[in-house]
Amino acid sequence: MSKILIATDGSKYSQQAVDYGVGLAKRMGSGVVALYVINLRSLEMFALGHHDDIGGYDRVNSELKREGEHALDYVASKGEEAGVPVEKLLLRGYPVDVILKMAVDRGVEMIVLGNLGRSGLDHLLMGSVSADVVRRAHCPVLVVRGKP
Ligand SMILES: Nc1ncnc2c1ncn2[C@@H]1O[C@H](COP(=O)(O)OP(=O)(O)OP(=O)(O)O)[C@@H](O)[C@H]1O
Ligand SMILES: [Mg+2]
């Protein structure tokens, strides 16, 4: 069975990419690999600003983990509705690197992302994650432009 990778950061933009991506997988007869990456850069930024707050690092990590579980549950429920099998992946690292690596490891046919994410500065065409994935991917990338 062919697979598409849907990357989600739990934002309303990525949710719209999930909705489209799951529908597309259904029409293609494909499975979905749903991926949320706990952003190591966010953890590093926190650690830089709070070098004396050791518990805070764990707290931010757990908050991001919870956000990821929630985002992946959303994909799973959409998959269930549509009858599309969904594999959930919750990993930590730099989002672009992890998305590209998992696309290769899972042998996906296509990557689906939102044009924007959590930062969601809607005067921008694309966020840094979607722009870098388009630039570096070894497979086709579908960027779903979401409504703010
Ligand atoms: N941590 C992540 N894990 C999985 N997918 C992600 C992650 N971050 C972003 N994405 C994917 O990339 C899309 C675009 O998000 P991106 O982060 O590029 O935009 P942004 O948050 O608005 O801008 P920036 O992060 O550059 O400040 C999201 O809709 C989502 O599909
Ligand atoms: Mg972002």
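Me: How do the axes of H1 and helix H3 cross, and at what angle?
Reply: In this predicted model, the axes of H1 and H3 (residues 54-82) come within 10 Å and cross at roughly 30 degrees. Angles under 35 degrees count as roughly parallel, so H1 is roughly parallel to H3.

Me: Which residues make that contact?
Reply: From H1, Gln15, Val18, Asp19, Val22 and Lys26. From H3, Tyr74, Val75, Lys78, Gly79 and Ala82.

Me: Why would residues three or four places apart point the same way?
Reply: An α-helix has 3.6 residues a turn, so residues with that spacing point the same way.

Me: And is the crossing left-handed or right-handed?
Reply: The crossing of H1 and H3 is right-handed.

Me: What unit does H1 make with E1 and E2?
Reply: E1, H1 (residues 12-28) and E2 make a β-α-β unit, and that unit is right-handed.

Me: OK, strands. How many bridges join E1 to E2?
Reply: Five, and the two strands run parallel. E1 covers residues 3-7. Within this pair, Ile4 stands opposite Val32 of E2.

Me: What is the bridge partner of Val32 in E3?
Reply: Val86 is the partner of Val32 there. E2 and E3 (residues 86-93) are joined by eight bridges and also run parallel.

Me: Why is E2 largely enclosed by the rest of the structure?
Reply: Strand E2 spans residues 31-39, and eight of its nine residues are buried, so the rest of the structure largely encloses this strand.

Me: Switching to H4. Which of its residues are buried?
Reply: H4 runs over residues 95-105, and the buried ones are Pro95, Val96, Val98, Ile99, Leu100, Met102 and Ala103.

Me: What do they pack against?
Reply: The buried residues of H4 pack against strands E1, E2, E3 and E4 (110-114), and against helix H5 (128-136).

Me: Last one, Ala137. Where is it?
Reply: Ala137 is in the loop between H5 and strand E5 (141-144).

Me: Does Ala137 count as buried or exposed, and why?
Reply: Buried, because its relative accessibility is 19% and the cut-off for buried is under 20%.

Me: Which residues does Ala137 touch?
Reply: Leaving out residues up to four places away in sequence, Ala137 touches Leu100 and Ile111. Leu100 is one of the buried residues of H4.

Me: And how are Ala137 and Gln16 separated?
Reply: Ala137 and Gln16 are 121 residues apart along the chain, with 21 Å between their C-alpha atoms.

Definitions and conventions
Residues are numbered from 1 along each chain as its sequence is written. Chains are lettered from A and ligands numbered from 1 in the order in which they are written. This is a predicted model: local features need pLDDT of at least 70, side-chain atom pairs count only at pLDDT 80 or more; totals for chains, interfaces and linings use all residues. Side-chain values use heavy atoms; hydrogens and water are left out. Buried means under 20% relative accessible area, exposed over 50%, partly exposed in between (1.4 Å probe, protein chains only). Helices (H or I, at least four residues) and strands (E, at least two) are DSSP runs, numbered from the N terminus. Two strands pair if DSSP finds at least two bridges between them. A crossover is right-handed if, with the strands pointing away from the viewer, the path from the first strand over the helix to the second runs clockwise. Axes are lines fitted to C-alpha atoms, for helices over the stretch in contact, and angles run from 0 to 180 degrees between N-to-C directions. Angles under 35 degrees count as roughly parallel, over 145 as roughly antiparallel, 65 to 115 as roughly perpendicular and the rest as oblique. A crossing is left-handed if the near helix is turned anticlockwise from the far one by less than a right angle, and right-handed if clockwise. Contact means heavy atoms within 4.5 Å.
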